[in-house]
Amino acid sequence: MSKDPLLQPYQLKHLTLRNRIMTTAHEPAYPEDGMPKDRYIAYHAERARAGVALAMTAGSAAVSRDSPPVFNNILAYKDEVVPWIRKLTDACHDHGCAVMIQLTHLGRRTGWSKGDWLPSVSSSKHREPAHRAFPKLAEDWDIERIISDFADATERMKEGGMDGIELQVYGHLLDQFWSPLTNDLDGPYGGQSLDSRLKLVFDVLRGIRKRVGDDFIVGLRYTADEAEAGGITPEEGIEISKRLTDSGMVDFLNVVRGRIHTDPAMTDVIPVQGMKNAPHLDFAGAVKKATGMPTFHAAKIPDVATARHAVDAGLLDMVGMTRAHMADPHIVQKIVEGREDDIRPCVGATFCLDRIYAAGEALCIHNAATGRELSMPHSITPAENKKKIAIIGAGPAGLEAARVAAERSHDVTVLEAQPDPGGQVRLTAQNPRRREMISIIDWRMSQCAARDVAFHFNTWAEATDVTALDPDVVIVATGGLPNTELFESGKDQDLVVTSWDLISGDVKPGQNVLIYDESGDHPGLMAAEVAANAGASVEVMTPDRVFAPDIMAMNLTPYMRALQDKDVTFTVTRRLLNVTRDGNQLKATIGTDYSDFTSEKTYDQVVVNYGTMPMDELYFDLKPLSSNHGAVDYEALVAGRPQQIMRNPDGGFQLFRIGDAVSARNTHAAIYDALRLVKDI
């Protein structure tokens with residue numbers, strides 16, 4: 001019997017959980033037509049198979065029609081959800097994993113122009129800043145209907161085989177009622193008394209218990225401290241926690257600290273990279289101590305050591321490692337097998353959540369199999385025929401190709417021009433807040449070292465260097481260099497510098513700096529931060545209607561916090577047309593896509609962030625020597641079949657290029673390129 005605190009079973013009411021690790025409620029946005037179909041099931045089943053004890057599914061399955069999902073959530077108000085829930089629960093139960101679901105009414109945290117175009121409803125007359133829709137104040141018949149909706153949805157989940165449900169009570173309707181900041185009602189559910197503000201939650205709990213009985217497990221994930229003036233205080237949160245305990249209707253408490261009504265507030269609840277790990281863990285422990293209740297919690301607990309401490313110190317009964325399981329669904333299995341060093345680390349990039357809030361689907365920045373369990377493997381199987389594979393470039397694309405090829409048992413050699421691996425990720429990690437990104441590289445180097453991949457650094461590969469290796473397959477992952485040609489201008493701007501120049505420290509910031517950001521991704525704001533920290537007056541300009549759209553909501557927050565007290569302005573809908581000398585300064589000609597208006601402005605430094613252009617000379621030198629002339633069978637690639645194109649019978653090797661050596665994209669795209677190509681070689 002293991003003595004590891006994380007591997008001890010836990011008894012929750014009648015339910016025995018096999019260890020102390022869970023995935024907390026999150027919506028990866030994989031449902032189809034509001035139903036958790038095959039892709040959704042495969043995602044949770046992968047983690048269940050690897051040993052997670054409890055899968056809390058859904059990030060807020062909707063209980064009512066006037067709670068239309070803000071992204072692709074499960075529609076728990078539809079009877080047709082039951083058989084799909086049954087398939088989901090069966091898939092998890094088959095692997096010994098308990099499974100529950102989070103239910104909610106979004107209240108004002110949604111919009112009226114979604115779903116059935118019903119007005120959003122809340123206890124607040126104010127719109128939520130993040131979702132912008134003005135709600136109507138809830139009437140008595142709304143409240144009666146919603147109480148019944150919660151009971152109906154819980155009954156559906158019980159019928160579908162769920163082990164329990166969790167009510168979402170932070171930022172959504174139930175919390176809007178119980179927070180003094182968001183309750184503008186009169187009558188029995190309004191006012192400032194705690195009794196009246198909590199009445200809806202307890203009415204919902206009574207309605208649920210009446211419908212499903214006392215044995216079914218019911219808990220709350222709730223804010224016990226809003227961390228904002230006028231909101232729920234820690235003392236009031238402890239009192240609420242005690243009242244929930246004393247009610248006898250609640251089986252576990254899943255503690256949250258903070259609010260989620262704005263992007264910055266949500267980022268404090270769900271911290272991103274560069275922020276403190278487990279910032280609310282001690283507070284969750286205080287709730288457990290005050291109530292004696294089974295206590296769950298998750299907030300940037302990315303590593304096994306922190307999770308182990310949370311349980312060993314008696315702060316938590318079940319520890320949530322949700323983003324960590326998106327990076328590596330096999331965490332528990334690797335703990336059991338003594339392979340903690342093999343765990344793929346969560347780097348806190350929060351690419352997963354930011355994509356959801358931008359109406360995308362959850363994807364891990366450096367595990368391209370997450371969310372693609374039906375087509376991409378988390379575990380690589382050896383190939384039948386061993387090949388010699390040459391990879392040029394040791395950035396994220398090249399290293400993923402090397403890792404996967406080595407796991408396929410191929411003989412792998414990597415040639416890299418720089419003295420160190422990492423490519424653009426190494427540049428990214430220059431920002432102290434983004435240092436965690438280097439784990440993307442370190443983990444792959446470790447995996448490659450364990451599989452005897454040969455690396456040759458400080459090696460600028462020519463075609464003869466590659467052919468001398470007598471390879472069967474050549475993969476060009478040489479990345480790109482910053483583009484300094486303005487949009488459709490036809491010429492490089494030789495007077496400008498690039499965002500890379502400032503981030504790397506190769507060029508010092510000027511005093512009056514234009515950051516012209518046409519890509520809208522991290523390097524633009526990273527360069528702006530470097531310049532602002534050096535005391536420069538900085539203007540961030542974009543031709544788009546918003547700035548930095550590719551950074552998205554939660555990752556934008558740390559940049560904005562870092563720049564608010566600096567001399568930084570943001571200019572949208574302005575396009576840089578040309579840069580010329582004006583004495584010892586630079587004259588920028590500025591236009592707009594919306595009219596023929598132009599203007600001129602002087603700066604002493606112009607910094608351009610406009611993606612990269614592929615470093616593809618080696619690829620084109622090798623192309624005529626290859627059997628496929630570099631061609632890729634896209635049908636085979638997408639279907640998961642080996643590449644078999646033959647365009648040159650005299651060619652000696654297959655040739656492919658991946659990542660930014662093809663076109664400027666992001667880290668996830670580079671890693672996905674490598675995984676889906678090399679897994680079939």
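Glu 617 has its place in helix H20 (residues 617-622). Helices (H or I, at least four residues) and strands (E, at least two) are DSSP runs, numbered from the N terminus. Glu 617 counts as exposed because its relative accessibility is 53%. Here buried means under 20% relative accessible area, exposed over 50%, and partly exposed in between (1.4 Å probe, protein chains only).

## About the model

The model is predicted: local features need pLDDT of at least 70, side-chain atom pairs count only at pLDDT 80 or more, and totals for chains, interfaces and linings use all residues. Residues are numbered from 1 along each chain as its sequence is written, and side-chain values use heavy atoms, with hydrogens and water left out.

Strand E25 covers residues 605-609; five of the five are buried, so the strand is largely enclosed by the rest of the structure. In a regular strand the side chains alternate between the two faces of the sheet. Both faces of E25 are covered. Gln 605, Val 607 and Asn 609 lie on one side, Val 606 and Val 608 on the other.

E25 pairs with strand E19 (residues 512-517) in the parallel sense, over five bridges. Tyr 516 stands opposite Val 608 in E25. Strand E18 (residues 497-498) also runs parallel to E25, joined by two bridges. There, Val 497 faces Val 607. Two strands pair if DSSP finds at least two bridges between them.

## A buried glutamate

Glu 166 belongs to strand E8 (residues 164-169). Its relative accessibility is 0%, so Glu 166 counts as buried. Thr 154 is twelve residues from Glu 166 in sequence. In space, the two are 9.4 Å apart, C-alpha to C-alpha.

## Two loops with positive phi

Most residues other than glycine have a negative phi. Asp 33 has a positive phi of about 55°. Asp 33 sits in the loop between strand E3 (21-23) and helix H1 (38-49). With a relative accessible area of 61%, Asp 33 is exposed.

Ala 227 also has a positive phi, near 55°. Its loop runs between strand E9 (217-223) and helix H6 (234-247). Ala 227 counts as exposed, at 60% relative accessibility.
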